[in-house]
Amino acid sequence: MAFPTTSHTATTLASFIPALWGEKINDFYKSKLVMGDFFVDRSSELSDGGNILYTPNMTEMSASSKTNATAVTLVAPTDTKITLTVDQWYEVSFAIEDAEAARMKHSYYTQEKYAQGAGFAVAKVLEVAIAGLFDDFSQVVGTSVAVLLDSDIRAAINFLEVANIDPQSDCAFFVAPAVFWKQIQNIDKFSLAVNSPVNDPTAKRPSATLYGIPVFISTNVQYISGTTGRANALAHKDAIHFATSALGGGGSEGSSVTGKHGVRVQSNYVPDYLSTVTTADILYGVIENRDTSGVYIKSST
């Protein structure tokens, strides 16, 4: 016997089929924040207040020959200073009123998730500001329209060696993902197991080092202005300094947490609007501290 053609369908039962919000949230993927951990953080020097830090630059003195019964040759080099000014203030704020907070699915911990996202957003501002100084280095290798070559990498290392910097100590490369995976790992010297046994691309992720120097892969490496190239870098940690000011606890009615690198997150209840306002902010400054301690590495993407 043929089955009846008038059986229920999803359309006829639509009023009884619930549409449910699941238990998970698809939070956005956050880029790795690595530069603040590498370069020199001067924030502790501002713990008692202030917004400007001076760093004297000492110059190398010249030796003079000495003979008997003659006076010594005095030297008086003219020294300069580096000025780090903490004057960049950024914030991310949002408000959730009581009615909406009561209606939202509690398992999502929405306010906490938003607060974490806001904190990341202002922390990324500092990360990008540091990366934005790479193209200020006067020592330059590569071009924005060509892939990075082994000769460019060696030329960058040579710049540091000539400046009497040990590339094996407190130095690192900072490159965009496409530069590492599409360009550097396309150089046989770094990718073939026969040349570098620790880098067997068919067995494991290649070790992110070049000539023994660590490589930080970051999407926060900036595009070269007006091009599709990337402003990568090889730098000693002393090449860039930054500082953040401790912003304190804010309003007495709210709660505040000051996190890594001076990121403050605070929430305050505003009775007039029956709303909880959450703000993440940062007060920072960045400066190129030692020009010869860094190399601007241009590459295509």
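**A look around the predicted model**

**Figure 1. The surface of the whole protein.** About 18,100 Å² of the protein is accessible surface, and carbon and sulfur atoms account for 56% of that. This is a predicted model. Of its 301 residues, 37% count as buried.

**Figure 2. Overall build.** Here you can pick out six helices and 14 strands. Laid along the principal axes, the C-alpha atoms fill a box of roughly 120 × 60 × 35 Å. The radius of gyration is 27 Å, while a compact globule of 301 residues would come in near 19 Å. Take the contacts between residues at least 6 apart in sequence: 76% of them join residues at least 24 apart.

Figure 3. β6 covers residues 171-175, and five of its five residues are buried. Cys171, Phe173 and Val175 point one way from the strand, with Ala172 and Phe174 pointing the other way. Whichever way they point, all of these residues are buried.

**Figure 4. β6 and its partner β9.** Strand β9 takes in residues 230-236 and pairs with β6 in the antiparallel sense, over four bridges. Look for Phe173 here: its bridge partner in β9 is Leu234.

**Figure 5. β6 and its partner β8.** β6 also runs parallel to strand β8 (residues 213-217), and three bridges join the two. Phe173 turns up again, this time opposite Val215 in β8.

Technical notes
Residues are numbered from 1 along each chain as its sequence is written. This is a predicted model: local features need pLDDT of at least 70, side-chain atom pairs count only at pLDDT 80 or more; totals for chains, interfaces and linings use all residues. Side-chain values use heavy atoms; hydrogens and water are left out. The radius of gyration is taken over C-alpha atoms; the globule rule is 2.2 Å times the number of residues to the power 0.38. Buried means under 20% relative accessible area, exposed over 50%, partly exposed in between (1.4 Å probe, protein chains only). Contact means heavy atoms within 4.5 Å. Accessible areas come from the Shrake-Rupley method with a 1.4 Å probe; for residues, only the protein chains shown count as cover. Two strands pair if DSSP finds at least two bridges between them.
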